[in-house]
Amino acid sequence: MTIAGLGAYLPERVVTNDDLAATGLDTSDEWIRSRTGIVQRHYAAPEQATSDLALEAGKAALADAGLGTDDVAAVIVATTTPDHMVPGTAPLVAAALGTEVGAFDVQAACSGFVYALRVGTALALAEDAPVLVIGAETLSRIVDPRDRGVSILFGDGAGAVVVVPDETGRIGPFSLGADGRDPSMLWTATGGTRAPVSHQVVDDRSHFLTMRGGDVYRNAVSRMAAASRDVLEQAGLTIDDVDLFIGHQANVRILDAVAQRVGIEPARCHVTVGQHGNTSAASVPLALADARDGGRLRPGDTVLLTAFGAGLTWGACLLTWNPTTGGGNA
Ligand code: COA
């Protein structure tokens, strides 16, 4: 299995920490930078929704792979911010691409891309055909702009890969996990079927994302480190065999702590959270594309991806960056 194409899309509008402080939010550039490493994030334009972002990243990945929509056997969109409760976002993206192949969403919050890559890899193998896997989010629409503990963290964007079944590369092994015993650690309490939208919900602002930051932080570090160790052990490799480490881009302190636990130095870690903020399911493919564009991926490199998100969910996978298929790997 090989990643034959890689694409990214970031909305034009850049929102700096100072921009957020200027809205009247009781925060500062200094606080945000020192606690999170975030300098700026991108916000979608009012007329853009997640499928629009996903479409741009998907088109870029297909072009990068030198493939057309007709070559693809399925479209998978990992997102926690769908255009609608019903239907899923992937069918909208597939329609905009001009295909009627199977299209469905994967909802595993910020771990969504790693989960979708697992599903997409298995599907590409089973169908013996390329699969388009996209991570896309418009988190700016679900954070409470008045909540300084949450709103400063998140941004919008999309990243995509085309997974191709061939013998030249490797995607895997994977390690996926979930613990749904305490979903309130990071969730939107209302707006779903347990507590549908009502005037009360809106008055309470409980349809926005809420989080217990410290608990999330501790779990993110331990789960991503454990999943990373698990895939290395499954592959019979050590951290010394990894050329590039890309963790979920939530907070630079979390990434540093994970890197320290797995024993990898900063030079082998790619960090984009400063520029993108936390883009949830889009963060890993966006960081991968950023690493590729910055010349940090060489043919044959072993890449370790790991992610963590609401649920709780977490995951990791190894892949070989293979230049023999797809222009983007060159
Ligand atoms: N600006 C200024 N002050 C802020 C602030 C902001 N944006 N957000 C919170 N504060 C305040 C708090 O109210 C608190 O004030 P108090 O001491 O008067 O009560 C103080 O800063 C410290 O808050 P605390 O929550 O202890 O800070 P922290 O160092 O734990 O950092 C997070 C908070 C959110 C950055 C951190 O917990 C975190 O990154 N958690 C993980 C979040 C995450 O990655 N979520 C997504 C995972 S997929």
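Of the contacts in the protein with a separation of 6 or more, 78% are accounted for by residues 24 or more positions apart. The model is predicted, with a mean pLDDT of 96 for the protein.

**Confidence**

- A pLDDT of 70 or more is reached by 98% of the residues.
- The stretch 325-330 has a pLDDT below 50; beyond near neighbours in sequence, residues 325-330 have 18 contacts in the model.
- Where pLDDT is low, predicted coordinates should not be read in detail.

**Overall form**

- The protein contains eleven helices and 13 strands.
- Its radius of gyration is 19 Å, close to the 20 Å that the globule rule gives for 330 residues, so the protein is as compact as a globular protein of that length.
- Taken along the principal axes, the box filled by the C-alpha atoms is roughly 55 × 45 × 35 Å.

**Burial and surface**

- Buried residues make up 55% of the 330 residues of the protein.
- The accessible surface comes to about 13300 Å², and carbon and sulfur atoms contribute 51% of that surface.

- The contact between the domains takes 55 residues from domain 1 and 49 residues from domain 2.

**Nonpolar cores**

- The largest nonpolar core has 43 residues, of which Ile264 and Leu304 touch the most other members.
- The elements giving two or more residues to this core are the helices α8 (213-235) and α9 (252-262) together with the strands β12 (302-309) and β13 (313-320).
- Helix α8 supplies the largest share of this core, with eight residues.
- Leaving aside neighbours within four places in sequence, Ile264 is in contact with Ile239, Val242, Phe245, Ala259 and Cys269.
- Another core, of 35 residues, lies apart from the largest one; among its members are Leu117, Ile171, Leu244 and Val284.

Methods. Residues are numbered from 1 along each chain as its sequence is written. This is a predicted model: local features need pLDDT of at least 70, side-chain atom pairs count only at pLDDT 80 or more; totals for chains, interfaces and linings use all residues. Side-chain values use heavy atoms; hydrogens and water are left out. pLDDT is the predictor's confidence in each residue, from 0 to 100. Contact means heavy atoms within 4.5 Å. A nonpolar core is a set of buried Ala, Val, Leu, Ile, Met, Phe, Trp, Tyr and Cys residues joined through side-chain atoms within 4.5 Å. Buried means under 20% relative accessible area, exposed over 50%, partly exposed in between (1.4 Å probe, protein chains only). Helices (H or I, at least four residues) and strands (E, at least two) are DSSP runs, numbered from the N terminus. The radius of gyration is taken over C-alpha atoms; the globule rule is 2.2 Å times the number of residues to the power 0.38. Accessible areas come from the Shrake-Rupley method with a 1.4 Å probe; for residues, only the protein chains shown count as cover.
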